[in-house]
Amino acid sequence: MRGTRRTRLCLAWAMAVSALIATPAAGAAERTDGRLTDLVNPFIGSQDEGNTFPGAAVPFGMVQLSPDTGHMTGYDYTQGRIRGFSLVHLSGVGCRIGGDLPVLPTTGDITQTDDAKYAAAFSHDDETASPGYYRVGLASGIRAELTATARTGVQRYTFPATGKANVLLNAAQALHKTSASKVEILDDRTVRTEITGHGFCRDTGPYTVHTVTRFSRPFTAYGTWDGATVTAGSRAGHGGAYVRFDTTRNRTVEATTALSYVDATGAQRNLRAEGGRSFDTVRARARAQWEARLRAVRVHGGGKALRRTFYSSLYRSYLSPNIGGDADGRYFGWDRRVHTAKGFTYYQNWSLWDTYRTQAQLLALLAPREARDMARSVVAVDEDGGWLPKWGYGPVETNVMSGDPVTPFLTTAYQTGLLKGFEERAYRALRKNADGVPPAANPGIGREANAEYIAHGFAPFVKDRPLAKMGDSDYHHGASVTLEYALADAMLAQMARGLGHDADAARYAARSRNYRTIFDPGTGFFRARDASGAFTGSPDPALGTGFHEGTAWQYQWLVPQDLPGMVGLIGGERAANDRLDAFFAYDRLLADPEKTAREVWVHGDAYAYYNATVYNPMNEPDLIAPYTYLATGQPWKTTDVVHAALTLFTDGPTGMTGNDDLGTMSAWNVLSSIGLFPIQPGYDTWGLSTPVFDRVDLALDRRYWPSGGLTVTAPGTSAADRYVQGVRTDGAAHGRTYLTTRALRSLRSLAFTVGPRPSEWGTSPEAAPPVLK
């Protein structure tokens, strides 16, 4: 453990990553007493398929007003033309979505109605973004500025002196498929649209967004278009509208666009509730909202680049889920009817296969009031529409991804006290979901392979099974689906036991061991079974079939409920550690962590999910894998792997590892940097690893976290001194490699002592995370 070879490798590590995580010398450390919003770079992840957006939004806002360059999710840093500034974007999704109502300022006559043709050139040299604000200078000489409230997007355009300053509102084009659109000019300042679209990876049911845009001064002319035909003076059309201003004296035009998923009345009410303020006032309020959010976490130490990366990740973690209801509480439910949220804010956009692993826990910690309302909203989806969601966009189910992610999402809320008062309502919905499948009339697929899973203990892989509904099919991913169902069953068993449903708890706990049914002793890895129960596909674990966005190498660690059981199947602790070392290319990692992360782990683009024998830090199945060492007696290796993976997060446009997936990857960065990670997603276990900052102060809501705050310290943490020597909780020695949510509730201080070599801390069997029974 402490041999000469390890010492040499540790020195090599220190030289490789000291620039990222070393603490500056005394007196040289930069403080974070200024505005934390100044440390956020919204352009991070906007290149190489991170699929983030740089535009304006407030935390969890319905509106994310951002430029579209033609990339499928909005903005690509490598492109140089803007088609419009549209209202709806999601951070880091992997399929075409959003982009409703692109708006673009132009000058001169209106000769084109296709946004790809009238797109405006721009340069990054004349572009800037910060939380709640975006500005760009267009090659046309127009300056565009964007800001936002929760339900409105506010634009300010500064034109050259001209009598033909135009604003184009394109109702018929978006990032997704627009199936119907309507535009109306209501008076000399107001334009209303209705846009119906569908699609996300595959076609979904339709949804409609309603907008109303109010300009700061009257138009001098207007018109609409249908297809390529522009009609001056027309007040109604289906393609889009233009409005014109004389800017020979007053060169500035402001506009506020309100959005509603309910109806035109909702858009008008949202405009009345949140509009009517100047651009600068809205911008200042948006910045203040972001400043308040970011100040929930104060870090000390580390270089400025590390802090920029951290706070940018924290920023993206707060971008979604999104407010789905109007200012009057009305929202459009999954039964395609209008409901009113009473006593809570209704949220939508549920990338649950991703967010249940990291972001759900981070929001429960730092934004529990909103996280509670998010959980209530998911339960409302069931009560309104008949079933819990899998991947919900707006008011529709997409069925994208597989397994049962909604269960650990809601059991996380239960374990962190967010379901108080409606635990049984949530449990009923979860029990229905865990024991059945949605009826044919429901658009969701739920646990599509549940009948076979319950009867035989595994979800079969049926390659050519036709899609029963839109989206993905669990039958196409039988091996990974079995693991996901078993994980969900484990977490539901704990909730059932906590609520006194002991028979259910025993039943779900037994089902949580179903991961064993797909373990192939002949290969020593998980493997898909066909409908007859026979193992199928290549026996090579890198080439096997039936795993969703991964291989058997990556999915072998997705058994957080029973890692000792999994270790036993592999052949014991030594065999498991040998396999983990091979999986993480551990010797190479120690010699050159950053190069190993970028050239060995990342073996292709963001969508290179298959044919790999190594860790993939760019995708969700592996997010908890580095923490497996906490259960195998070698916790120091968790720090080695986590800190190497953190080098993939940088402060430039390419600084995102994979798609952000509505804050999932960003939340991984935040939690792993703090040294506190949810290693059993859906339960209350938080794994410990060395923080990258000397000190982190977390301001917590006393209604959910009675301590009111937690200070995490690791004095002297650096690339050289990164190994845990000991941990103290409120001054008392703590030998386990994890904490429970119950312990965190009252904890005020979590203190790490670090050093240059691994210690005996956390290596005893008693220190390992618990098995869920």
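Modeller: Before we start, helices here are DSSP runs of H or I with at least four residues, strands are runs of E with at least two, and both are numbered from the N terminus. The model is predicted.

Biologist: Which helices each supply at least two residues of the lining of the largest pocket?

Modeller: The largest pocket has a volume of about 500 Å³. Of its 18 lining residues, the closest to the centre include Tyr414, Gln415 and Arg745. The helices that each supply at least two lining residues are H9 (406-415), H12 (478-498) and H21 (741-746).

Biologist: How many residues of the lining of the largest pocket are charged?

Modeller: Asp, Glu, Lys and Arg count as charged. The lining also holds four nonpolar and six polar residues. The number of charged residues is eight.

Biologist: What is the volume of the largest cavity?

Modeller: A cavity differs from a pocket in that the probe fits inside but cannot get out. The structure holds seven cavities of 30 Å³ or more. The largest of them has a volume of about 130 Å³.

Biologist: Which element gives the most to the lining of the largest cavity?

Modeller: The largest cavity is lined by 17 residues, and those closest to its centre are Trp350, Ala360, Leu363, Met374 and Phe409. Two or more lining residues come from each of strand E23 (350-351), helix H6 (352-355), helix H7 (359-366), helix H8 (368-385) and H9. By class, the lining has 12 nonpolar, five polar and no charged residues. With four residues, the element that gives the most is H7.

Biologist: How far apart are the closest N and O atoms of Arg214 and Asp187?

Modeller: Arg214 is in strand E12 (residues 207-215), and Asp187 is in the loop between strand E10 (177-185) and strand E11 (190-198). The two residues are 27 residues apart and link distant parts of the chain. A salt bridge needs a nitrogen and an oxygen within 4 Å. This pair forms one, with its closest N and O atoms separated by 3.5 Å.

Biologist: Asp562 and Arg516 also meet in a salt bridge. Which of the two is buried?

Modeller: Asp562 lies in the loop between helix H14 (552-555) and helix H15 (563-570), and Arg516 in the loop between helix H13 (502-511) and strand E26 (519-520), so the pair ties together parts that are 46 residues apart in sequence. Buried means under 20% relative accessible area. Arg516 has 39% and counts as partly exposed.

Biologist: Is Asp697 buried or exposed?

Modeller: The side chain of Asp697 meets that of Arg695 in a salt bridge with an N to O distance of 3.0 Å. Arg695 is partly exposed at 38% relative accessible area. Because the cut-off for the buried class is under 20%, Asp697, at 19%, counts as buried.

Biologist: How many aromatic pairs does the structure hold?

Modeller: Rings of Phe, Tyr and Trp pair if their centres lie within 6.5 Å. One aromatic cluster is formed by nine named residues, among them Phe525, Trp553, Trp557 and Tyr629. By this rule, the number of aromatic pairs is 37.

Biologist: Are the rings of Phe43 and Tyr77 stacked or edge-to-face?

Modeller: Planes under 30 degrees apart count as stacked, and those over 60 as edge-to-face. The rings of Phe43 and Tyr77 have their centres 5.9 Å apart and their planes at 75 degrees, so the pair is edge-to-face.

Biologist: Which residue lies over the face of Tyr508?

Modeller: A charge sits over a ring if, among other conditions, NZ of Lys or CZ of Arg is within 6 Å of the ring centre. At 4.6 Å from the ring centre of Tyr508, the residue over its face is Arg507.

How values were computed: Residues are numbered from 1 along each chain as its sequence is written. This is a predicted model: local features need pLDDT of at least 70, side-chain atom pairs count only at pLDDT 80 or more; totals for chains, interfaces and linings use all residues. Side-chain values use heavy atoms; hydrogens and water are left out. On a 1 Å grid over the protein atoms alone, a cavity is a set of points where a 1.4 Å probe fits but cannot get out, and a pocket is an open set with protein on both sides within 12 Å along at least five of seven lines; lining residues have an atom within 4 Å of a point. Grid points are joined across faces, edges and corners, and a volume is the space filled by probe spheres set on the points. Buried means under 20% relative accessible area, exposed over 50%, partly exposed in between (1.4 Å probe, protein chains only). Rings of Phe, Tyr and Trp (its six-membered ring) pair if their centres lie within 6.5 Å; planes under 30 degrees apart count as stacked, over 60 as edge-to-face and the rest as tilted. A charge sits over a ring if NZ of Lys or CZ of Arg is within 6 Å of the ring centre and within 35 degrees of the ring normal.
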